[in-house]
Number of protein chains: 2
Amino acid sequence: MPAGKVSVIGIGPGLTDHMTAKASEALEESDVVIGYRLYVEQVRNLLGRQEIIASSMGKEVERCRLAVDKAGEGKKVALVSGGDPGIYGMSGLLLQLAGEKAPDLDVEIIPGVTAAGAAAALLGAPLMHDFAVISLSDLLTPWELIEKRLEAAAGADFVIVLYNPRSRGRSDLLSRAREIILKHRQGSTPVGIVRGAGRDNQKKWETTLQGLTALIEVVDMASLVIIGNSQTYWDGSKMITPRGYQV
Amino acid sequence: MPAGKVSVIGIGPGLTDHMTAKASEALEESDVVIGYRLYVEQVRNLLGRQEIIASSMGKEVERCRLAVDKAGEGKKVALVSGGDPGIYGMSGLLLQLAGEKAPDLDVEIIPGVTAAGAAAALLGAPLMHDFAVISLSDLLTPWELIEKRLEAAAGADFVIVLYNPRSRGRSDLLSRAREIILKHRQGSTPVGIVRGAGRDNQKKWETTLQGLTALIEVVDMASLVIIGNSQTYWDGSKMITPRGYQV
């Protein structure tokens, strides 16, 4: 039996033109493609003879188990992950499961363009200085810890990138995060919202911490919210965090 | 005269197989390629008829001015930036200068795979939970602010990614950062060091906060240091930050 392998592939934020050559190649060489339905659709035009296993959100553990099992049968498995698989993606879970069930399994992790990087590019240059990345999802993390991190990041003047700013049935997370950040930062602090970064239907909004309240409803689960530091400014439609160069 | 344009292109962390299709295409379509010498070399096999302007480190302002000027002459300019141009890269400076000198200039920012993403993929899955990205370079940022951010990130149990862990003539920055983090975190906390992530000569070291002292000398300007949170562990050679799934 040939040795199987799992490639955890970062397919980038949306359209396949943001995929790397290495990611495309690993997909093309795979025998089986496993992923969340939306991500499998995203790369379908690159697939041919592969067995395709698409499942719904929330089935992360099952997908990783299946990837390990298929690789155990000698298959080359492509486990696709949106953005970068190492940032709130599938890398960790796959490595945890592989470590338990198949410690000798060949696993390769192929990085991709992150949602944060794509959103930042669309907004201008908000991440030019130190930043903190925080998921507001309290499904796997106690809200108290999320609050503690928001406090710390706001207090030390980090640019803040919020992933999962809205959960199913939880529309108040972002409002609560905003309140915490406002304790440390001006209402005029620039805030950029990007929905569907890198996708055909990508959309962005330019606002401030003060103005964010009026836009809470446009934020969905696939949005990113970037909050500037004390130096960030809007230059027209460009959100810029200066790094300190004399220009 | 045709309208000029500047594409700020993230060429990824090293070998061109980590470049996106969009980045390659923008490079190929350009008239002029401007960049730091090392990055221009990195993509030279993709270039043909383009005018190539490579300069040394520290010439960031000049490169951006030149890009704006060349675009003003109607040229399609590719301003290349390592990793992602929006993360300690060229996007901000270019937008600042364009805003001052050529507010109507067409600027496109093309995101790339970050050094942090490439280093994380090589180490395993250290960035699966909230993380803070901090540059230790005190050339453009007061050391007091860097210390404040290290304190805040360590105290709120962020995974910490250190960029520029060593400056020319400053070998003590990383030791000082380590001392600050050790006030909040165990000596056994996993630490991964990656030098030249994504390059042919990439190299990694697996250690802990305690063990880092013995490895300070392997860290150079092009290295990244990733410090785990309180839940991060080494599973053999894999650095894993669990996200809270029941596996």
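Guide: Handedness first: a crossing is left-handed if the near helix is turned anticlockwise from the far one by less than a right angle, and right-handed if clockwise. By that rule, α3(A) and α4(A) cross in the right-handed sense. Keep in mind that this is a predicted model, where local features need pLDDT of at least 70 and side-chain atom pairs count only at pLDDT 80 or more, while totals for chains, interfaces and linings use all residues. Residues are numbered from 1 along each chain as its sequence is written, and chains are lettered from A and ligands numbered from 1 in the order in which they are written.

Helices (H or I, at least four residues) and strands (E, at least two) are DSSP runs, numbered from the N terminus. Here α3 covers residues 60–72 of chain A and α4 residues 91–101 of chain A, packed at about 50 degrees with axes 9 Å apart. Axes are lines fitted to C-alpha atoms, for helices over the stretch in contact, and angles run from 0 to 180 degrees between N-to-C directions. The two helices are therefore oblique to each other (under 35 degrees is roughly parallel, over 145 roughly antiparallel, 65 to 115 roughly perpendicular, the rest oblique).

On the α3(A) side, the touching residues are A:E60, A:V61, A:C64, A:R65, A:A67 and A:V68, and α4(A) brings A:L93, A:L94, A:L97, A:A98 and A:K101. Contact means C-beta atoms, placed from the backbone, within 7 Å. Sorted by class, that makes eight nonpolar, no polar and three charged residues (Ala, Val, Leu, Ile, Met, Phe, Trp, Tyr, Cys and Pro are nonpolar, Asp, Glu, Lys and Arg charged, the others, Gly among them, polar).

Now to where the chains meet: 59 residues from chain B touch 59 residues from chain A. On the chain B side, α4 (residues 91–101) gives the most, with seven residues. That side divides into 31 nonpolar, 18 polar and ten charged residues. The chains' β7 strands (residues 131–135 in each) also pair, antiparallel, over three bridges, with pairing meaning at least two DSSP bridges between strands.

Inside chain B, an open, parallel sheet of five strands runs β3-β2-β4-β1-β5. Its edges are β3 (51–55) and β5 (106–110), each pairing on one side only. From one strand to the next, the twist averages 15 degrees. β1 (residues 5–10) and β5 of chain B share five bridges, with B:S7 partnered by B:E108. And α4(B) comes back here: this helix packs on the sheet, touching β1, β4 and β5 of chain B, at about 170 degrees to β5(B).

How values were computed. Two residues are in contact if their C-beta atoms, placed from the backbone, lie within 7 Å.
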